[in-house]
Amino acid sequence: MNLAKISANGQVTVPVEIRRLLGLKSGDKILFCQKQDGKIVMSNASSQAIRKAQAAFTGVAEDMGIYSEDDVQALVDEVR
């Protein structure tokens, strides 16, 4: 359990243990989401965006007949 204090300007210093767990670095953005049970969840916005993109592309390679690195290289060569 970690405790943080909110400044008069509404700023919070994220404890180092939490920054490490979320892979946060200086300048990163943090995403706050409210769950159905009312709990607020904090996550690394960059990681969240990557996961969302990965989910959107799930299965696309197979649909295009790409199953190996050789298939990827062949597609790159074709596009060039």
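Ser43 lies in strand S2, residues 40–44 (strands are DSSP E runs of at least two residues and helices H or I runs of at least four, numbered from the N terminus). Ser43 is buried, with a relative accessible area of 13% (buried means under 20%, exposed over 50%, partly exposed in between, with a 1.4 Å probe and protein chains only). Leaving aside residues up to four places away in sequence, Ser43 touches Leu22, Lys29, Ile30, Leu31 and Gln48, a contact being heavy atoms within 4.5 Å.

The model is predicted: local features need pLDDT of at least 70, side-chain atom pairs count only at pLDDT 80 or more, and totals for chains, interfaces and linings use all residues. Residues are numbered from 1 along each chain as its sequence is written, and side-chain values use heavy atoms, with hydrogens and water left out.

The protein chain has four helices and two strands, in the order α-β-β-α-α-α from the N terminus on. Its C-alpha atoms fill a box of roughly 60 × 30 × 25 Å along the principal axes.

| Property of the protein chain | Value |
|---|---|
| Residues counted as buried | 8% of 80 residues |
| Contacts between residues 24 or more positions apart | 4% of the contacts with a separation of 6 or more |

The radius of gyration of the protein chain is 20 Å, whereas a compact globule of 80 residues would have one near 12 Å (taken over C-alpha atoms; the globule rule is 2.2 Å times the number of residues to the power 0.38).
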